[in-house]
Amino acid sequence: MRKINYLGFLSLLSLIAVFGWKSGNTSWYGFFGFLAFVRYFWVVPDELFLMNVQKSATAAFMAGMLGLVPAMFFGISVWGADKAVPTAFATSFSVNVLVFTGSLVIREWKERRSASE
């Protein structure tokens with residue numbers, strides 16, 4: 001029996017972009033970027049893959065947490081307290097996703113490069 005790679009389920013977040021299409025709000029279209037995770041349904045999760053996901057998730061978590069407080073202070077100084085919290089959390093979420101995805105892509109690229117040598 002084949003194991004399910006749960007990382008592929010992140011691609012379901014791209015369905016949120018359909019709300020942007022239906023409502024005409026183009027700011028939701030960024031969620032189409034999660035379609036890149038569809039490919040992980042066909043990746044067999046071995047030990048090295050799971051370790052790469054864990055390292056990438058740790059880096060993303062740390063980047064998000066370390067970036068949340070400065071984003072909050074920056075938001076308060078620029079927009080005031082009303083917009084600071086939602087903007088800071090949205091920025092933190094974006095940083096989490098970008099660092100996780102970038103880190104995972106780099107680790108997979110290094111793995112494939114070393115496997116081909």
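**Figure 1. The bend in helix 2 of the predicted model.** Helix 2 bends by about 30° at leucine 68, and proline 70 follows within four residues. The model shown here and in the other views is a predicted one. Despite the bend, helix 2, with 33 residues, reaches 46 Å from its first C-alpha to its last, close to the 48 Å expected at 1.5 Å a residue. Leucine 68 itself belongs to the buried residues of helix 2. Beyond the end of helix 2 comes glycine 80, whose phi is positive, near 95°.

**Figure 2. The fold as a whole.** The protein contains 3 helices and 0 strands, and its elements follow the pattern α-α-α along the sequence. The C-alpha trace spans about 50 × 35 × 25 Å along its principal axes. A radius of gyration of 17 Å is found for the protein, whereas a compact globule of 117 residues would have one near 13 Å. Of the 117 residues, 24% are buried. Among contacts between residues at least 6 apart in sequence, 68% join residues at least 24 apart.

**Figure 3. Helix 2 and helix 3 cover one another's buried residues.** In helix 2 the buried residues are Phe49, Asn52, Val53, Ser56, Ala60, Gly64, Leu68, Ala71 and Gly75. Helix 3 is part of what covers them. Helix 3 in turn has Ala84, Ala88, Ser92, Phe100, Ser103, Leu104 and Glu108 as its buried residues, and helix 2 is part of their cover. An α-helix has 3.6 residues a turn, so residues three or four places apart point the same way. Helix 3 has 36 residues and reaches 52 Å from its first C-alpha to its last, close to the 52 Å expected at 1.5 Å a residue.

**Figure 4. Serine 56 and its neighbours.** Serine 56 is located in helix 2. With a relative accessible area of 0%, serine 56 counts as buried, because this value is under 20%. Its side chain is joined to that of serine 103 by a polar contact of 3.2 Å. Serine 103 is one of the buried residues of helix 3. Leaving aside residues up to four places away in sequence, serine 56 touches Phe100, Ser103, Leu104 and Arg107.

**Figure 5. The salt bridge between glutamate 108 and arginine 39.** A search of the whole structure finds 1 salt bridge. Glutamate 108 forms a salt bridge with arginine 39, and their closest N and O atoms are 3.3 Å apart. The pair links distant parts of the chain: glutamate 108 is in helix 3 (residues 81-116), while arginine 39 is in the loop between helix 1 (16-23) and helix 2 (47-79), 69 residues apart. Side chains of opposite charge can pair when their charged atoms come close. The two partners are placed in separate accessibility classes: glutamate 108 is buried, with a relative accessible area of 11%, whereas arginine 39 is partly exposed at 34% relative accessibility.

**Figure 6. Asparagine 5 in the segment before helix 1.** Asparagine 5 is in the segment that precedes helix 1. Its relative accessible area is 5%, so asparagine 5 is classed as buried. A polar atom of its side chain lies 3.0 Å from the backbone oxygen of tyrosine 40. Not counting residues up to four places away in sequence, asparagine 5 touches Tyr40, Phe41, Val43, Pro45 and Phe49. Of these, Phe49 is among the buried residues of helix 2.

**Figure 7. Lysine 3 in the segment before helix 1.** Lysine 3 also has its place in the segment before helix 1. Lysine 3 is exposed, with a relative accessible area of 59%.

**Figure 8. Asparagine 25 in the loop between helix 1 and helix 2.** Asparagine 25 lies in the loop that joins helix 1 and helix 2. A relative accessibility of 34% makes asparagine 25 partly exposed. Its side chain makes a polar contact of 2.7 Å with the side chain of serine 27. Asparagine 25 and threonine 91 are 66 residues apart in sequence and 19 Å apart in space, C-alpha to C-alpha.

Definitions and conventions:
Residues are numbered from 1 along each chain as its sequence is written. This is a predicted model: local features need pLDDT of at least 70, side-chain atom pairs count only at pLDDT 80 or more; totals for chains, interfaces and linings use all residues. Side-chain values use heavy atoms; hydrogens and water are left out. A salt bridge is a side-chain nitrogen of Lys or Arg within 4 Å of a carboxyl oxygen of Asp or Glu. Helices (H or I, at least four residues) and strands (E, at least two) are DSSP runs, numbered from the N terminus. Buried means under 20% relative accessible area, exposed over 50%, partly exposed in between (1.4 Å probe, protein chains only). The expected span of a helix is 1.5 Å times one less than its number of residues. The bend at a residue is the angle between axes fitted to the seven residues ending there and the seven starting there. Contact means heavy atoms within 4.5 Å. A polar contact is a pair of N or O atoms within 3.5 Å; within protein, one must be able to donate a hydrogen and the other to accept it, and residues adjacent in sequence count only if both atoms are side-chain atoms. The radius of gyration is taken over C-alpha atoms; the globule rule is 2.2 Å times the number of residues to the power 0.38.
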